[in-house]
Amino acid sequence: MTGNHSRVPLGTSDLSVHPLSLGGNVFGWTADEQQSFAVLDAYAAAGGNFVDTADVYSAWAPGNTGGESETVIGDWLRSRGNRDEIVIATKVGMHPDAGGLGAANIKAAAEASLRRLGVDHIDLYYTHRDDDTPVEEFVTALDELVRAGKVRAVAASNISAERLAEALAFAEREGLAKYVAVQPHYNLVSRSTFEGPLAGVVAEHGLATVPYYALASGFLTGKYRPGGAGVDSARAEGAARYLADPRGPKVLEALDAVAAEHGVEPASVALAWLAARPTVAAPIASARTVDQLPPLLVGATLELTPAQTALLDEASA
(Lines give C-alpha, C1' and ligand atoms only; values in the text may rest on other atoms or scores of the structure.)
Protein backbone atom coordinates (compact mmCIF):
# COMPACT_ATOMS: atom_id res chain seq x y z
CA MET A 1 0.00 0.00 0.00
CA THR A 2 3.05 2.30 0.10
CA GLY A 3 2.94 5.28 -2.16
CA ASN A 4 -0.82 5.68 -1.77
CA HIS A 5 -0.55 9.12 -0.22
CA SER A 6 -4.13 10.23 -0.71
CA ARG A 7 -4.95 13.33 1.33
CA VAL A 8 -8.17 15.15 2.09
CA PRO A 9 -8.44 18.75 3.31
CA LEU A 10 -9.60 19.09 6.90
CA GLY A 11 -12.48 21.55 6.73
CA THR A 12 -11.38 25.16 6.51
CA SER A 13 -7.93 24.49 8.02
CA ASP A 14 -4.65 24.20 6.14
CA LEU A 15 -4.25 20.61 7.35
CA SER A 16 -4.54 17.75 4.88
CA VAL A 17 -4.97 14.26 6.22
CA HIS A 18 -5.13 10.63 5.22
CA PRO A 19 -8.77 9.48 4.85
CA LEU A 20 -8.33 7.03 7.75
CA SER A 21 -7.51 8.53 11.13
CA LEU A 22 -5.69 6.07 13.37
CA GLY A 23 -7.30 5.91 16.82
CA GLY A 24 -4.76 6.09 19.64
CA ASN A 25 -7.09 4.96 22.42
CA VAL A 26 -5.49 1.49 22.51
CA PHE A 27 -1.88 2.73 22.81
CA GLY A 28 -0.63 2.11 26.34
CA TRP A 29 -3.85 0.25 27.14
CA THR A 30 -4.59 -2.96 25.19
CA ALA A 31 -1.50 -2.41 23.01
CA ASP A 32 1.83 -2.10 24.82
CA GLU A 33 4.58 0.19 23.52
CA GLN A 34 6.08 -2.40 21.17
CA GLN A 35 2.68 -3.29 19.63
CA SER A 36 1.74 0.39 19.41
CA PHE A 37 4.97 1.26 17.59
CA ALA A 38 4.38 -1.62 15.15
CA VAL A 39 0.85 -0.38 14.36
CA LEU A 40 2.02 3.24 14.00
CA ASP A 41 4.89 2.14 11.73
CA ALA A 42 2.55 0.12 9.51
CA TYR A 43 0.05 2.97 9.30
CA ALA A 44 2.76 5.51 8.36
CA ALA A 45 4.27 3.08 5.82
CA ALA A 46 0.85 2.89 4.13
CA GLY A 47 0.79 6.68 3.78
CA GLY A 48 -1.17 7.35 6.97
CA ASN A 49 -0.51 10.70 8.67
CA PHE A 50 -3.50 11.42 10.99
CA VAL A 51 -3.23 10.08 14.55
CA ASP A 52 -6.02 10.75 17.04
CA THR A 53 -5.52 10.69 20.80
CA ALA A 54 -6.65 12.47 23.99
CA ASP A 55 -5.11 13.43 27.31
CA VAL A 56 -7.52 11.07 29.11
CA TYR A 57 -6.43 7.93 27.17
CA SER A 58 -6.38 5.60 29.05
CA ALA A 59 -7.20 6.76 32.57
CA TRP A 60 -9.95 4.12 32.80
CA ALA A 61 -7.46 1.22 32.74
CA PRO A 62 -6.28 -0.16 36.08
CA GLY A 63 -2.91 1.33 36.97
CA ASN A 64 -3.13 4.10 34.37
CA THR A 65 -3.61 7.78 35.16
CA GLY A 66 -4.29 9.21 31.67
CA GLY A 67 -1.74 10.47 29.18
CA GLU A 68 -0.39 6.98 28.39
CA SER A 69 -1.43 7.18 24.73
CA GLU A 70 0.14 10.63 24.22
CA THR A 71 3.36 9.39 25.83
CA VAL A 72 3.56 6.35 23.53
CA ILE A 73 2.89 8.50 20.45
CA GLY A 74 5.47 11.06 21.60
CA ASP A 75 8.10 8.35 22.08
CA TRP A 76 7.29 6.99 18.61
CA LEU A 77 7.57 10.42 16.95
CA ARG A 78 10.91 11.01 18.65
CA SER A 79 12.33 7.61 17.78
CA ARG A 80 11.23 7.82 14.14
CA GLY A 81 12.09 11.50 13.64
CA ASN A 82 8.88 12.03 11.65
CA ARG A 83 7.08 14.75 13.62
CA ASP A 84 6.57 16.99 10.59
CA GLU A 85 4.92 14.23 8.56
CA ILE A 86 2.25 13.40 11.14
CA VAL A 87 -0.92 15.35 11.97
CA ILE A 88 -1.47 14.89 15.70
CA ALA A 89 -4.95 15.40 17.14
CA THR A 90 -5.49 15.38 20.88
CA LYS A 91 -8.23 16.56 23.24
CA VAL A 92 -8.88 18.47 26.44
CA GLY A 93 -11.66 18.26 29.01
CA MET A 94 -12.05 14.66 30.18
CA HIS A 95 -8.79 13.93 32.02
CA PRO A 96 -9.60 13.07 35.67
CA ASP A 97 -7.12 15.71 36.90
CA ALA A 98 -7.82 18.22 34.13
CA GLY A 99 -11.56 18.22 33.58
CA GLY A 100 -13.74 20.78 31.90
CA LEU A 101 -13.30 23.62 29.42
CA GLY A 102 -12.39 26.45 31.78
CA ALA A 103 -9.69 28.74 30.34
CA ALA A 104 -7.08 27.87 32.97
CA ASN A 105 -7.64 24.16 32.48
CA ILE A 106 -7.40 24.37 28.68
CA LYS A 107 -4.10 26.19 29.00
CA ALA A 108 -2.61 23.81 31.59
CA ALA A 109 -3.89 20.68 29.83
CA ALA A 110 -2.43 21.82 26.51
CA GLU A 111 0.99 22.28 28.14
CA ALA A 112 0.74 18.79 29.68
CA SER A 113 -0.20 17.27 26.31
CA LEU A 114 2.68 19.08 24.55
CA ARG A 115 5.05 17.72 27.20
CA ARG A 116 3.85 14.11 26.90
CA LEU A 117 3.86 14.25 23.10
CA GLY A 118 7.31 15.89 23.15
CA VAL A 119 6.24 18.40 20.49
CA ASP A 120 6.11 22.20 20.28
CA HIS A 121 2.62 22.31 18.75
CA ILE A 122 -0.56 20.23 18.50
CA ASP A 123 -1.98 20.12 14.96
CA LEU A 124 -5.65 19.67 15.89
CA TYR A 125 -6.88 20.35 19.42
CA TYR A 126 -10.39 19.19 20.35
CA THR A 127 -12.62 20.18 23.22
CA HIS A 128 -13.37 16.58 24.19
CA ARG A 129 -16.80 17.06 25.70
CA ASP A 130 -18.90 20.18 25.99
CA ASP A 131 -19.83 21.40 29.45
CA ASP A 132 -21.43 24.56 30.85
CA THR A 133 -18.38 26.80 30.32
CA PRO A 134 -19.46 29.94 28.41
CA VAL A 135 -18.37 29.74 24.75
CA GLU A 136 -16.64 33.14 25.20
CA GLU A 137 -14.31 31.56 27.73
CA PHE A 138 -13.24 28.40 25.91
CA VAL A 139 -13.18 29.88 22.40
CA THR A 140 -10.92 32.69 23.66
CA ALA A 141 -8.65 30.22 25.48
CA LEU A 142 -8.32 28.08 22.34
CA ASP A 143 -7.60 31.17 20.24
CA GLU A 144 -4.76 32.14 22.60
CA LEU A 145 -3.16 28.72 22.04
CA VAL A 146 -3.42 29.19 18.27
CA ARG A 147 -1.93 32.70 18.46
CA ALA A 148 0.92 31.39 20.61
CA GLY A 149 1.70 28.79 17.94
CA LYS A 150 0.97 25.93 20.33
CA VAL A 151 -2.06 24.71 18.35
CA ARG A 152 -2.60 24.87 14.59
CA ALA A 153 -6.36 24.30 14.43
CA VAL A 154 -9.21 23.69 16.88
CA ALA A 155 -12.14 21.29 16.79
CA ALA A 156 -14.98 19.96 18.92
CA SER A 157 -16.04 16.48 19.98
CA ASN A 158 -19.33 15.64 21.71
CA ILE A 159 -21.04 18.99 21.18
CA SER A 160 -24.65 19.88 20.37
CA ALA A 161 -25.74 21.70 17.22
CA GLU A 162 -26.76 24.72 19.32
CA ARG A 163 -23.47 25.05 21.16
CA LEU A 164 -21.45 24.47 18.01
CA ALA A 165 -23.36 27.24 16.21
CA GLU A 166 -22.91 29.54 19.22
CA ALA A 167 -19.14 28.90 19.40
CA LEU A 168 -18.72 29.47 15.65
CA ALA A 169 -20.75 32.69 15.75
CA PHE A 170 -18.73 34.08 18.67
CA ALA A 171 -15.39 33.21 17.02
CA GLU A 172 -16.55 34.77 13.76
CA ARG A 173 -17.75 37.96 15.47
CA GLU A 174 -14.57 38.41 17.50
CA GLY A 175 -12.13 37.31 14.79
CA LEU A 176 -10.91 34.35 16.85
CA ALA A 177 -9.78 30.87 15.80
CA LYS A 178 -12.86 28.93 14.72
CA TYR A 179 -13.59 25.23 15.04
CA VAL A 180 -12.62 23.53 11.75
CA ALA A 181 -13.92 20.03 12.52
CA VAL A 182 -16.21 17.98 14.72
CA GLN A 183 -15.69 14.50 16.09
CA PRO A 184 -19.10 12.93 16.68
CA HIS A 185 -20.17 9.40 17.55
CA TYR A 186 -21.27 8.23 14.10
CA ASN A 187 -21.48 4.90 12.29
CA LEU A 188 -23.89 2.61 10.44
CA VAL A 189 -25.68 1.56 13.63
CA SER A 190 -25.58 5.03 15.19
CA ARG A 191 -26.72 7.60 12.66
CA SER A 192 -28.93 9.83 14.81
CA THR A 193 -25.90 10.76 16.96
CA PHE A 194 -24.75 12.96 14.05
CA GLU A 195 -27.33 13.22 11.27
CA GLY A 196 -29.86 16.02 11.69
CA PRO A 197 -29.22 19.43 13.26
CA LEU A 198 -25.54 18.82 14.10
CA ALA A 199 -24.72 17.63 10.58
CA GLY A 200 -26.59 20.68 9.31
CA VAL A 201 -24.42 23.16 11.24
CA VAL A 202 -21.27 21.29 10.15
CA ALA A 203 -22.26 21.45 6.47
CA GLU A 204 -23.37 25.08 6.65
CA HIS A 205 -19.99 26.20 8.02
CA GLY A 206 -17.77 23.99 5.88
CA LEU A 207 -16.46 21.98 8.81
CA ALA A 208 -14.94 18.50 8.48
CA THR A 209 -16.36 15.48 10.28
CA VAL A 210 -14.02 12.94 11.90
CA PRO A 211 -16.34 10.25 13.31
CA TYR A 212 -15.37 8.17 16.34
CA TYR A 213 -16.74 4.68 17.09
CA ALA A 214 -16.63 4.33 13.29
CA LEU A 215 -16.85 0.53 13.71
CA ALA A 216 -19.25 0.60 16.69
CA SER A 217 -16.73 -0.84 19.18
CA GLY A 218 -15.87 -3.58 16.68
CA PHE A 219 -19.46 -4.61 15.94
CA LEU A 220 -19.18 -3.56 12.28
CA THR A 221 -16.15 -5.81 11.74
CA GLY A 222 -18.67 -8.66 11.67
CA LYS A 223 -16.97 -10.61 14.43
CA TYR A 224 -20.03 -10.40 16.67
CA ARG A 225 -22.90 -12.50 15.30
CA PRO A 226 -26.38 -13.50 16.47
CA GLY A 227 -25.80 -16.66 18.50
CA GLY A 228 -22.09 -16.44 17.72
CA ALA A 229 -19.19 -17.31 19.98
CA GLY A 230 -17.97 -14.73 22.49
CA VAL A 231 -15.07 -12.53 21.44
CA ASP A 232 -11.99 -11.86 23.53
CA SER A 233 -11.97 -8.08 23.48
CA ALA A 234 -12.07 -5.28 26.05
CA ARG A 235 -15.07 -3.90 24.13
CA ALA A 236 -17.09 -7.08 23.50
CA GLU A 237 -19.93 -6.07 25.81
CA GLY A 238 -20.44 -2.76 24.01
CA ALA A 239 -20.55 -4.42 20.62
CA ALA A 240 -22.98 -7.15 21.71
CA ARG A 241 -25.73 -4.64 22.48
CA TYR A 242 -26.05 -3.82 18.76
CA LEU A 243 -27.25 -7.37 18.14
CA ALA A 244 -30.22 -6.63 20.37
CA ASP A 245 -31.16 -3.68 18.12
CA PRO A 246 -33.25 -4.94 15.16
CA ARG A 247 -31.08 -2.82 12.85
CA GLY A 248 -27.88 -4.56 13.98
CA PRO A 249 -28.34 -7.89 12.19
CA LYS A 250 -29.82 -6.10 9.13
CA VAL A 251 -26.73 -3.93 8.85
CA LEU A 252 -24.44 -6.98 9.19
CA GLU A 253 -26.34 -8.70 6.40
CA ALA A 254 -25.96 -5.69 4.10
CA LEU A 255 -22.25 -5.37 5.00
CA ASP A 256 -21.70 -9.05 4.21
CA ALA A 257 -23.36 -8.69 0.81
CA VAL A 258 -21.35 -5.63 -0.20
CA ALA A 259 -18.11 -7.04 1.23
CA ALA A 260 -18.58 -10.20 -0.86
CA GLU A 261 -19.06 -8.11 -4.02
CA HIS A 262 -15.75 -6.31 -3.40
CA GLY A 263 -13.85 -9.24 -1.92
CA VAL A 264 -13.09 -7.23 1.23
CA GLU A 265 -13.92 -7.44 4.94
CA PRO A 266 -17.13 -5.96 6.44
CA ALA A 267 -15.05 -3.38 8.36
CA SER A 268 -13.74 -1.97 5.06
CA VAL A 269 -17.29 -1.49 3.78
CA ALA A 270 -18.48 0.14 7.04
CA LEU A 271 -15.63 2.65 6.84
CA ALA A 272 -16.15 3.26 3.11
CA TRP A 273 -19.83 4.06 3.76
CA LEU A 274 -18.82 6.54 6.46
CA ALA A 275 -16.00 8.10 4.43
CA ALA A 276 -18.44 8.86 1.61
CA ARG A 277 -20.94 10.70 3.82
CA PRO A 278 -21.22 14.47 3.27
CA THR A 279 -18.56 16.41 5.26
CA VAL A 280 -16.75 13.27 6.51
CA ALA A 281 -13.00 13.73 6.04
CA ALA A 282 -11.64 10.69 7.87
CA PRO A 283 -13.33 8.11 10.08
CA ILE A 284 -11.32 7.09 13.16
CA ALA A 285 -10.56 3.42 13.74
CA SER A 286 -8.02 1.79 16.00
CA ALA A 287 -5.91 -1.32 15.55
CA ARG A 288 -4.38 -3.18 18.47
CA THR A 289 -2.25 -5.34 16.20
CA VAL A 290 -0.72 -4.84 12.76
CA ASP A 291 -2.98 -7.48 11.19
CA GLN A 292 -6.08 -5.47 12.17
CA LEU A 293 -4.86 -2.51 10.10
CA PRO A 294 -5.18 -3.55 6.40
CA PRO A 295 -9.01 -3.73 6.30
CA LEU A 296 -9.14 -0.27 7.88
CA LEU A 297 -6.81 1.18 5.23
CA VAL A 298 -8.82 -0.53 2.46
CA GLY A 299 -11.97 1.12 3.81
CA ALA A 300 -10.43 4.57 3.43
CA THR A 301 -10.10 4.21 -0.35
CA LEU A 302 -12.87 1.72 -1.24
CA GLU A 303 -15.58 3.20 -3.48
CA LEU A 304 -19.11 1.86 -3.13
CA THR A 305 -21.60 1.86 -5.99
CA PRO A 306 -24.85 3.85 -5.63
CA ALA A 307 -26.74 0.54 -5.27
CA GLN A 308 -24.42 -0.64 -2.49
CA THR A 309 -24.73 2.68 -0.69
CA ALA A 310 -28.53 2.52 -0.98
CA LEU A 311 -28.55 -1.00 0.47
CA LEU A 312 -26.54 0.14 3.48
CA ASP A 313 -28.59 3.32 3.89
CA GLU A 314 -31.77 1.28 3.98
CA ALA A 315 -30.49 -1.39 6.38
CA SER A 316 -29.24 1.26 8.79
CA ALA A 317 -32.20 3.65 8.58
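The legends below describe close-up views of a predicted model.

Residues are numbered from 1 along each chain as its sequence is written, and side-chain values use heavy atoms, without hydrogens and water. Because the model is predicted, local features need pLDDT of at least 70 and side-chain atom pairs count only at pLDDT 80 or more, while totals for chains, interfaces and linings use all residues.

**View 1**
Helices (H or I, at least four residues) and strands (E, at least two) are DSSP runs, numbered from the N terminus. Buried means under 20% relative accessible area, exposed means over 50%, and partly exposed lies in between (1.4 Å probe, protein chains only). Six of the six residues of E5 are buried, so this strand is largely enclosed by the rest of the structure. In a regular strand the side chains alternate between the two faces of the sheet. In E5, Val87, Ala89 and Lys91 point one way, Ile88, Thr90 and Val92 point the other way, and all are buried. E4 and E5 run parallel and are joined by three bridges; two strands pair if DSSP finds at least two bridges between them. Asp52 has Ala89 of E5 as its bridge partner.

Side chains of opposite charge can pair when their charged atoms come close. A salt bridge is a side-chain nitrogen of Lys or Arg within 4 Å of a carboxyl oxygen of Asp or Glu. By this rule the structure has 17 salt bridges. In one of them, the side chains of Asp52 and Lys91 meet at 2.7 Å, N to O. This pair links distant parts of the chain, with Asp52 in strand E4 and Lys91 in strand E5 (residues 87-92), 39 residues apart. Asp52 and Lys91 are both buried.

**View 1. The salt bridge between Asp130 and Arg163.**
The closest N and O atoms of Asp130 and Arg163 are 2.7 Å apart in a salt bridge. The pair links distant parts of the chain, 33 residues apart: Asp130 is in the loop between strand E8 (122-127) and helix H4 (135-147), and Arg163 is in helix H5 (residues 161-174). Arg163 counts as buried because its relative accessible area is 15%.

Arg277 and Asp313 form a salt bridge in which the closest N and O atoms are 3.0 Å apart. This pair also links distant parts of the chain, 36 residues apart: Arg277 lies in the loop between helix H9 (266-275) and strand E12 (284-285), and Asp313 lies in helix H11 (residues 306-316). Arg277 is buried at 16% relative accessibility, whereas Asp313 is partly exposed, with a relative accessible area of 24%.

**View 2. Aromatic rings.**
Rings of Phe, Tyr and Trp (its six-membered ring) pair if their centres lie within 6.5 Å; planes under 30 degrees apart count as stacked, over 60 as edge-to-face and the rest as tilted. By this rule there are seven aromatic pairs. Tyr186 and Phe194 form a tilted pair, 4.9 Å centre to centre and with 50° between the planes. Tyr186 is buried at 2% relative accessibility, and Phe194 is buried at 3%. Trp29, Tyr57 and Trp60 form one aromatic cluster.

**View 3. Backbone geometry in two loops.**
Most residues other than glycine have a negative phi, and most peptide bonds are trans. Tyr57 and Ser58 are joined by a cis peptide bond, with omega about 0°. Ser58 is in the loop between strand E4 (50-52) and helix H2 (68-80). Tyr213 is not a glycine and has a positive phi, near 50°. Tyr213 is found in the loop between strand E11 (208-209) and helix H7 (236-244), and is partly exposed, with a relative accessible area of 40%. Ser217, also not a glycine, has a positive phi of about 55°. Ser217 is found in the loop between E11 and H7 and is buried, with a relative accessible area of 10%.

**View 7**
On a 1 Å grid over the protein atoms alone, a cavity is a set of points where a 1.4 Å probe fits but cannot get out, and lining residues have an atom within 4 Å of a point. Grid points are joined across faces, edges and corners, and a volume is the space filled by probe spheres set on the points. The structure holds one cavity of 30 Å³ or more. The volume of the largest cavity is about 40 Å³. Its lining residues include Val139, Leu142, Ala167 and Lys178. H4 and H5 are the elements that give two or more residues to the lining, and H5 gives the most, with three residues. By class, the lining has eight nonpolar, no polar and one charged residues; Ala, Val, Leu, Ile, Met, Phe, Trp, Tyr, Cys and Pro count as nonpolar, Asp, Glu, Lys and Arg as charged, and the others, Gly among them, as polar.

How values were computed
1 Å grid on protein atoms, 1.4 Å probe; cavity = no way out; pocket = protein on both sides within 12 Å on 5 of 7 lines; lining within 4 Å.
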